[in-house]
Amino acid sequence: MSASPTASTHDQQSHKRRRSSNTTPDSIYSTPPQKPMLAGSAGPAQPGQQSEPPNPSGENSHQPVQVPKRGARACTACRKGKNRCEGEAPCRRCQLSGQPCIFEKPEKKNPAPPVANINATLERVNHLEGQYLVMQSQMIGVQSTLDRILAAVQSQPAPPVQQHNPYSMPPPPPPHPSSSNHYPPENARQNGSGPRSFPPLPGFAPPPHKYATYGIVPSTAPSSDDESEDTLPRSTLNAPIEALQGLANAAAEAAAIPLRDMPRVKKRKRVEPTPRNAFPHVVEKGLVSDQEARELYHIFFSGCHYFIPLFDPAYDTYENLKERTPFCFDAILAVAGKIKSGNGAPSTTFYKCLEEAQGIARSTLFGPVVRKEAVQAMLLLAAWSTSGWLPSGHAMRMALDLGLHRALEKLADGAGKHRSEEEERDLVVSSRIWLCLYWFDHQMSMGTGRPVILRDENSIRHYRILLTHPMSSPTDVRLISLIELVSQRIQIYDTLSPVEGAPTHSALAFVRRANLALDKWWADCDELHRQAMDEEHLLRKILQGELYYTKLWLICLALRGTSWDKMPFDQRELAFQAKEAASNCLAMFLNSHTYRAALRYSVHDSLVTATFSGLFLLKMANLFPGDLDLGTLIAQVEQMSQLLSEVAAERYALTLRLMLANLRRKLGIAPMPMQHDPHVMTDRGQHLMAQHFLDPGAIPSGPITQEELGFHWPTPGGQISPSTIPIWLQEGNLHDLSMPINGSDGIFLQGPTTGWATEFPTLMPEAW
């Protein structure tokens, strides 16, 4: 379609006018659209835009210049006919043709990023380049270290083939029943004619096991889509030391194999195969006969496994334990040997088994732990020891080194996975060990006034899976109850420990809620026990005793810092509730024939429960003598001290007798009847209720004598020094009903430092 000459002349004139109004001489059609320039860049102004004067403040100098697309300068009809358009709606062509004049809108382009973002990006790139250089230098150092290891391994001659066990260690010095680990007397070390003598160092050296990943390892599946099975998994980046140990082991193994015999590269190993036992057990070494070892094994599984639910009697048989773990086997025989000795002097068998078990335990300090049964053995040595804090902490580290804290999660994550019976058994046993360690560590921490170290509750989330697992043990129900009790005690400990001074109203309200929660815990757990046990079963009696003692422990924490001379009614009521809990706890020990018979198998923690309950009753009698039945109370504590002496727990009975003698002096009551042998307690039930009062002038003064404790010792007139009495039991602190600052460690006399006769240490043996 052609336009008229008049229109063409008019168009040329209007076009000239538009050209004269532009700031640039270039035609808008002759110059193609240019890309937007970055903020701050110099360049000519674009056509169709008015140039702005420079801004001295620089506020808008960084805004980008946007150039509209070509289609926006002409309407749709002019662009289709390839005609010139005025660029203003409506244009003259559309007016003459009578069609709508439509201009397309240009697409909005994203503005260029500001200079600040570009600078941040450049800084990040520079930082990543620096990190890459650091990692590159570290990898070069690792490579050089591995090269040196490989060269050292290749330069070593091949060891000669020997017929004996390559893991056997030099035998330890021959054990002596009572003096192998004791220093010689002081007079033997004085300046004299002979040379000074020193005891031999206790053995054993660690076996030559290589450092590697044993036990349960984390999943080696790719952690993301960009990680394949042939790449270094991200889990190893979180444990670089373990990864380097694995690389060093792989280099050593590769150096020991000729190149022609080098196997093909396989996938990453999930776990290092467990090496054979490095130490023989006591039966293999000829220290204990097989018949006696079987007798001791039977003693242990007659009651000890109820207090520390670590074992499954159906799986942990005599032959199985002896073959699988000499360390744990020796520890079991040592515990049973102590129990078999009873009130008499510990036997030679006990000392032999204990030296062997403790020797292997010392070898685990500076060597890799390769099997989970070593953790069981270390926990046994800690549980039956009066100083189990350090060995229990070492057992916890051993378990973490073996990855036992991952066992429950792997056991619960069994969907779609087919495990063999051996693998399933390994996970069940590992889970049981970890749960028992978790409970024991918290029990030791809160019972001795130390901070709780292990706070990872994710490792025990699936603890109830042991109740329904086909490989569960009869004692797993007690283990589950202990884990749930620990959860209750952690809440109590974290809430009441920071409270300073007298308890507030909120603290007293918390005590009431905690008592209700403990009652619910006992009801739920007793229902679990009821399904397979009768009313008189030992585990149900232990469960009830733990309920009473936890209630006593709860109130003692709440009453810390209370002023006893001005005690409010609500605090006084709490004190008498604690008295009822302590009395019920002692009644559980005294009135249950099952519990009395099993007390000889009990661990240190159970004996502390009985001792502290009796001490609390005696302190209540000192504070409120007119509000309590003193005859019944003293009789109950006296029976408990007698029972403790019968089960060779003289260390615990002595503390109760000391407090009883102090209370008798204060109230003017005659001492208990004399006894010639401290290990043979006569039946004094007829003397317990009928207390004989002394004349005021006949009440003894000064340090408490051995006769006041009811003993006739070979050395007459022996006294116990007041300085050896713990602070919590001294006269100035008899009004303190709270827990000692150092927990159970603050209620016992410390062995031979009590100032007694030389026969005293042998008459009062500790757990070890």
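How many helices and strands does the secondary structure of the protein come to?

1. First, the overall make-up. This is a predicted model, and its secondary structure comes to 25 helices and 0 strands.

2. Next, burial and surface. The protein has 768 residues, and 43% of them count as buried.

3. Now the contacts. Take the contacts in the protein with a separation of 6 or more: 74% of them are between residues 24 or more positions apart.

4. Helix H21 is worth a stop. It covers residues 604-623, which makes 20 residues, and it reaches 29 Å from its first C-alpha to its last. That is close to the 28 Å expected at 1.5 Å a residue. Is H21 enclosed or left open by the rest of the structure? It is largely enclosed, because 18 of its 20 residues are buried.

5. On cysteines: a disulfide is a covalent bond between the sulfur atoms of two cysteines. How many disulfides does the structure hold? The tally is 0. Two cysteines you can look up are Cys-436 and Cys-585. Cys-436 has 0% relative accessibility, so it counts as buried. Cys-585 is buried too, with a relative accessible area of 1%, which falls under the 20% cut-off.

6. Then there is some backbone geometry to check. Most residues other than glycine have a negative phi, and most peptide bonds are trans. The loop between helix H2 (76-80) and helix H3 (92-97) is where Pro-90 is found, and the peptide bond leading from Ala-89 to Pro-90 is cis, with omega near -10°. Lys-82 also lies in the loop between H2 and H3. Lys-82 is not a glycine, yet its phi is positive, at about 55°. Is Lys-82 buried or exposed? With a relative accessible area of 77%, Lys-82 is exposed, since the cut-off for that is over 50%.

7. Last, have a look at Ala-648. You'll find it in the loop between helix H22 (630-646) and helix H23 (650-667). Ala-648 is another non-glycine residue with a positive phi, this one about 65°. Its relative accessible area is 12%, so Ala-648 is buried.

Definitions and conventions. Residues are numbered from 1 along each chain as its sequence is written. This is a predicted model: local features need pLDDT of at least 70, side-chain atom pairs count only at pLDDT 80 or more; totals for chains, interfaces and linings use all residues. Side-chain values use heavy atoms; hydrogens and water are left out. Helices (H or I, at least four residues) and strands (E, at least two) are DSSP runs, numbered from the N terminus. The expected span of a helix is 1.5 Å times one less than its number of residues. Buried means under 20% relative accessible area, exposed over 50%, partly exposed in between (1.4 Å probe, protein chains only). A disulfide is a pair of cysteine sulfur atoms within 2.5 Å. Contact means heavy atoms within 4.5 Å.
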